[in-house]
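Please read the following briefing beside the sequence and the coordinates, which are shown just below. The points after the lead sentences are grouped by topic.

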Amino acid sequence: MQVHPEAFLPLFNTILINVTGFFRDSLAWKYLQNDALPRLLEDKPQNSPLRIWSAGCASGEEAYSLAIVLAEILGLEQFRERVKLYATDADDDTLAQARYAGYSQKALKSIAPKLQEKYFETIGNKKIFRSDLRRSVIFGRHDLLRDAPISRLDLLVCRNTLMYFNAEAQTKIIDRFHFALNDTGILFMGKAEMLLTHAHLFSPISLTHRIFRRSSLRSHRSRLLPNVSLGSNPNQDLERRIRLQALGFDAVSEAQIIVDIQGYLVLANAAAQSLFDIISLDLGRPLQDLEVSYRPLELRSHIEQVQRKGSSLLIENVPRTLAPDNVQYFDVGIVPLAEQDGTLLGLSVTFMEISRYHKLKEELQQSSQNLETANEELESSNEELEATNEELQSTNEELETTNEELQSTNEELETINEELHSSNEELQTINDELRIRTTELNQANAFLKSVFASLNVGVIVVDRGFNILSWNHEAENLWGLRSEEVIGHSILGLDIGLPLDPLREPMRKCLLGEIDGQEIVLSAINRRGQTLKCRISFNSLSGLEPRLRGVILFMDKVN
């Protein structure tokens with residue numbers, strides 16, 4: 001390696017065997033799609049963005065598997081609007097294959113034919129992943145040990161990648177994974193990997209499928225802040241000043257990005273990263289490849305205008321629609337950044353949010369309109385008031401006449417009141433009689449319950465439809481079902497140790513009045529699992545109406 005440095009790349013590609021495939025370990029993917037992701041989405045606000053990272057994506061099969069799963073759950077439109085899927089690897093050759101997104105028919109054998117037809121287009125002898133969905137998948141080179149992790153993630157997929165690292169490196173990477181995930185984030189790993197020594201960072205959702213949930217540690221993020229390095233012998237004062245400048249740039253509340261003269265994104269402060277989903281991998285990319293270049297406004301034409309004229313530009317009241325009822329407004333300022341000799345180095349683009357002022361302006365306009373309308377209504381009300389006064393004078397005269405009529409009516413009401421008083425006394429007498437009868441009925445019911453409870457045989461009362469009306473304590477002891485579990489249910493539908501079909505015909509004949517007091521003996525198993533002989537007698541249940549109301553069944557053990 002020292003004599004032939006060019007041998008490093010072939011050796012590196014040999015070590016990274018890049019074994020991958022669509023929906024590798026299908027049971028784990030099904031669990032992710034059917035259980036883990038739906039629960040994650042339930043905790044997310046509706047229409048909020050989803051950030052996914054596939055670390056060690058190789059030639060892209062895993063990243064596109066994630067895209068298919070999310071598109072199936074969210075729908076194609078929601079997927080395009082909400083999902084940002086970052087796929088990274090250390091191998092540039094496999095990343096080139098992943099960006100091309102072309103695969104042989106053999107590589108797609110683990111994908112159902114309907115999904116192949118839905119998500120892939122046939123071009124020549126290759127199957128190409130849909131271009132409109134591929135825009136949501138961003139590929140980039142990333143070293144898990146050296147590069148800063150992608151942050152604010154909802155799902156991080158790193159399957160069978162950590163096995164290339166020793167224990168110390170794995171601990172460092174897992175710490176970074178914990179930092180990268182949101183509090184409700186999910187980590188999806190491969191069969192060859194476990195987190196048994198990192199239980200303080202992740203808790204298992206499914207150990208079988210290697211799916212874990214991030215554990216909250218308040219102080220953990222602070223230990224992972226990036227450090228500025230100026231070489232093998234850095235000057236500490238310079239390093240501190242550079243670090244202070246970076247922190248100051250990030251501390252600005254207004255979103256700000258820096259673009260160089262060639263159109264590449266150089267810097268983005270924390271507010272801009274949060275507002276426009278800019279990650280560390282985006283730094284150094286052409287601005288035209290990023291969403292911020294065309295949303296909320298077409299930046300490139302304005303940047304060209306500033307470069308051409310060499311003067312600052314302010315674009316006011318730029319709307320940014322997040323949802324139909326959620327619109328932000330910005331004043332976008334573009335300032336050229338030049339050396340003292342006038343050499344243009346780049347441009348600063350600042351997004352000053354004015355949504356609050358825009359809302360106040362709309363409220364002021366609405367208030368002015370309301371005031372004008374109120375003045376018109378006031379004038380109309382004055383005219384109506386004059387007319388009303390005239391009507392009131394006329395009404396007052398009518399009221400005097402009405403008052404005389406009311407006096408006469410009052411006398412009639414007094415007479416009616418006396419009649420009502422008499423009727424009320426009669427109703428009170430009837431109410432007392434009803435209370436006495438209710439007391440008697442309650443006593444009768446208590447008497448019947450006492451009689452039923454004192455019987456040493458099981459008593460079951462059914463109506464004409466064989467639905468259970470009563471079930472005494474001895475019946476509970478025999479068959480193990482409480483009365484509240486069976487009242488209202490058909491006796492023929494119970495699951496007890498007594499064969500029920502032989503009861504149907506005797507109950508029917510008893511209801512028809514053909515028999516009364518018939519007895520049968522059946523083999524049964526009581527609630528304790530003991531075999532016994534059960535004698536059952538059938539007796540008619542009569543009511544006030546001519547036909548029978550039901551059947552009374554007496555059940556006791558035959559010695």
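Arg210 is found in the loop between β9 (202–206) and β10 (211–214), and in this predicted model its phi is near 60°, a positive value in a residue other than glycine. With a relative accessibility of 17%, Arg210 counts as buried, because the cut-off for that class is under 20% relative accessible area.

**The largest pocket**

- The volume of the largest pocket is about 1,500 Å³, and among the 48 residues that line this pocket, those closest to its centre are Glu81, Lys84, Asp277, Glu291 and Arg295.
- By class, the lining of the largest pocket divides into 17 nonpolar, 12 polar and 19 charged residues.
- Several elements each supply at least two residues of this lining, namely α4 (76–82), β2 (83–89), α7 (131–134), β6 (137–141), α10 (270–276), β13 (313–323) and β14 (326–338).

**The hairpin of β13 and β14, and its surroundings**

- β13 and β14 pair in the antiparallel sense over 8 bridges, and a hairpin joins β13 to β14 through 2 residues.
- Within this pairing, Arg320 has Gln328 in β14 as its bridge partner.
- Asn326 lies in strand β14 and, with a relative accessible area of 36%, is partly exposed; when residues up to four places away in sequence are not counted, Asn326 touches Arg320 and Thr321.
- From C-alpha to C-alpha, Asn326 and Val349 are 23 Å apart in space, while in sequence they are 23 residues apart.
- His358, whose place is in helix α12 (residues 355–454), is buried at a relative accessible area of 17%, and, leaving aside its neighbours within four places in sequence, His358 is in contact with Asn317 and Tyr329.

**The largest cavity**

- The structure holds 1 cavity of 30 Å³ or more, and the volume of the largest cavity is about 30 Å³.
- The residues that line the largest cavity are Trp53, His142, Leu144, Asp147, Pro149, Ile173, Arg176 and Phe177.
- Helix α8 (residues 167–180) gives the largest share of this lining, with 3 residues.
- Sorted by class, the lining of the largest cavity has 5 nonpolar, 1 polar and 2 charged residues.

**Helix α3**

- α3 is mostly covered, since 12 of its 14 residues are buried; the buried residues include Glu61, Glu62, Tyr64, Leu66, Ile68, Leu70 and Leu74.
- In an α-helix there are 3.6 residues a turn, so residues three or four places apart point the same way.
- Gly75 follows α3, and its phi is positive, near 95°.

**The open sheet of three strands**

- An open sheet of 3 strands has the order β3-β5-β4, with antiparallel pairing.
- β3 (102–103) and β4 (120–123) stand at the edges of this sheet, each with a single partner strand, so one side of each is left without a neighbour in the sheet.
- β3 and strand β5 (residues 126–129) pair in the antiparallel sense over 2 bridges, and the bridge partner of Gly102 in β5 is Ile128.

Terms used:
Residues are numbered from 1 along each chain as its sequence is written. This is a predicted model: local features need pLDDT of at least 70, side-chain atom pairs count only at pLDDT 80 or more; totals for chains, interfaces and linings use all residues. Side-chain values use heavy atoms; hydrogens and water are left out. On a 1 Å grid over the protein atoms alone, a cavity is a set of points where a 1.4 Å probe fits but cannot get out, and a pocket is an open set with protein on both sides within 12 Å along at least five of seven lines; lining residues have an atom within 4 Å of a point. Grid points are joined across faces, edges and corners, and a volume is the space filled by probe spheres set on the points. Helices (H or I, at least four residues) and strands (E, at least two) are DSSP runs, numbered from the N terminus. Ala, Val, Leu, Ile, Met, Phe, Trp, Tyr, Cys and Pro count as nonpolar, Asp, Glu, Lys and Arg as charged, and the others, Gly among them, as polar. Two strands pair if DSSP finds at least two bridges between them. Buried means under 20% relative accessible area, exposed over 50%, partly exposed in between (1.4 Å probe, protein chains only). Contact means heavy atoms within 4.5 Å.
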